[in-house]
Amino acid sequence: MTTKVTTISSDHRGGFIIVLAGSVVLALAFGVRSVFGGIVQPLSSDLFGGSIEVFSLSIAIQNLVWGLAQPGFGIIADKFGDRRALWLGFGCYVAGMLICIVGTTPLAQHVGAGVLVGMGISGTAFGVVLAVVGRAAPEDKRSRYLGITSAMGSTGQVILPLLVSWLIEWLDWRMTLLIVTFALAPMALCIPFLRANVRNLSQTTASAESISITRTVRKAFGHSSYTLLSAGFFVCGFHLAFITAHLPNYVQNFCVSTASAAELRALGLQALALAGFANIFGTLFASYLGTRFPKPYVLAAIYALRALAILIFISLPVTPASVMIFALIMGALWLSTVPLTSALVLTMFGPRAMGTLFGFVFLSHQLGGFAGVWLGGVFFDHYASYDQVWYLAIVLGALSAFAHLLVQERAAPRTGLAYGE
């Protein structure tokens, strides 16, 4: 009896440490990337004559590289160890931020803020961290562990945009980004604790030490529900990346207020912080709903509500109050898709290839992110309006809601992944 109690206590303590470390890494990874929307205007004015299209493309490249690199980091985590993937991501993140700070040309920004930061996020965000948590968690607690980690990872999006909204009032954009770069330091202290214990995997999957990546991916994309899940996640990326990158500029240019341009840009950053705060509770609530109702139906409801919220927001005059209400509602729906989507991947294929398979789902997410950020910059520079992108976001939200209604929440038949064939 004593041995059993000790084992349970050890498992509980180990699970707590992994969830805490994963939450900190996610909070920093997402918090730092969320500040770029607040420096689009000052950086573009300083380097590119006020045109935001150049740096919007950098952020779009960041989202695209984040997605393209995600399967690679997932493969590194699955085949060579989670911490190797995390350290590589951390190094890329820091290098990218430093190049962004000192860079003065479009190429430098595309490489720094775009390619390297994108790789950094890929190695330190959901694809790798949730794979560790999913493998480490007992099967009956996976949904809870994933939900808590995803929710607490939103705290960085609350704190860092607020910090930047204050710093940008007193410092230039370079000093602001330098301070934000130093905020990545605690990530290095948490990475050593992010290691899954393989005894939490089933005996069959744990014995499958060698994974055929080509076979894994081919059979996964032959499963219709996995393909629909990937397609639906494209829309999540489109919504989140567009709003994160362009909401401060949208508020600065279209909000009906007597406030100055700098104050309105700060309001946009504060709205993103509020969205991050609301996301904590929205993600936890969505994870709870996912234990009571079919996860595809919960996801369909989230995407439908996003489309409705955007439609109402752009149909009314843009005021400080409407901006904050919109941020609160969208925040509640922000990353609530992630634990549900990752849990569905786990249900379909099991935890052994989680990093690889969620990496490809997340690639679709980031292709959507690239489209959202880049189209936002293009349409604003050419038409001085974001209307076309908002309407596209509404249509995509409705289509994603329908796609998730067709997803089946069950293990993939004859994949050789869930059953260790």
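I'm calling a residue buried under 20% relative accessible area, exposed over 50%, and partly exposed in between (1.4 Å probe, protein chains only).

**Ground rules**

I'm working with a predicted model, where local features need pLDDT of at least 70, side-chain atom pairs count only at pLDDT 80 or more, and totals for chains, interfaces and linings use all residues. Residues are numbered from 1 along each chain as its sequence is written, and side-chain values use heavy atoms, with hydrogens and water left out.

**Whole protein**

I looked up the secondary structure and got 19 helices and zero strands. Here helices (H or I, at least four residues) and strands (E, at least two) are DSSP runs, numbered from the N terminus.

Of the 421 residues, 58% are buried. The protein exposes about 16300 Å², with carbon and sulfur atoms supplying 69% of that; the areas come from the Shrake-Rupley method with a 1.4 Å probe, and for residues only the protein chains shown count as cover.

Next I checked contacts, meaning heavy atoms within 4.5 Å. Taking those between residues at least 6 apart in sequence, 84% join residues at least 24 apart.

**The core**

A nonpolar core is a set of buried Ala, Val, Leu, Ile, Met, Phe, Trp, Tyr and Cys residues joined through side-chain atoms within 4.5 Å. I found 120 residues in the largest one, and Phe-36, Phe-55, Met-97, Phe-126, Ile-243 and Trp-390 have the most contacts inside it. Helix H13 (residues 224-254) gives the most to this core, 14 residues.

**Helix H2**

Is H2 mostly buried or exposed? I counted 10 of its 12 residues as buried, so H2 is largely enclosed by the rest of the structure. Among those buried are Gly-37, Gly-38, Gln-41, Pro-42 and Leu-47. After H2 comes Gly-49, with a positive phi near 65°.

I then looked at how H2 (residues 36-47) packs on H3 (residues 53-80): the angle is about 150° and the axes are 10 Å apart. Those axes are lines fitted to C-alpha atoms, for helices over the stretch in contact, and the angles run from 0 to 180 degrees between N-to-C directions.

H2 brings Phe-36, Ile-39, Val-40, Leu-43 and Ser-44 to the contact, and H3 brings Phe-55, Ile-59 and Gln-62. I sorted them into six nonpolar, two polar and no charged. For that sorting, Ala, Val, Leu, Ile, Met, Phe, Trp, Tyr, Cys and Pro are nonpolar, Asp, Glu, Lys and Arg are charged, and the others, Gly among them, are polar.

Leaving aside neighbours within four places in sequence, Phe-36 touches Phe-55, Ile-59, Gln-62, Met-97, Cys-100, Ala-113 and Val-117.

**Salt bridge**

My rule is a side-chain nitrogen of Lys or Arg within 4 Å of a carboxyl oxygen of Asp or Glu. How many turned up? The count is one salt bridge: Arg-174 with Asp-46, 3.3 Å from N to O. Arg-174 sits in helix H9 (residues 173-182) and Asp-46 in H2, 128 residues apart. Arg-174 is partly exposed at 24% relative accessibility, and Asp-46 is also partly exposed, at 45%.

**Two other spots**

Ala-384 has a positive phi of about 50° although it is not a glycine. I placed Ala-384 in the loop between H18 (354-383) and H19 (387-405), partly exposed at 49%.

Leu-267, in helix H14 (residues 261-292), is buried at 12%. Not counting residues up to four places away, Leu-267 touches Val-251, Cys-255, Pro-320 and Met-324. Leu-267 and Pro-320 are 53 residues apart in sequence and 7.5 Å apart in space, C-alpha to C-alpha.
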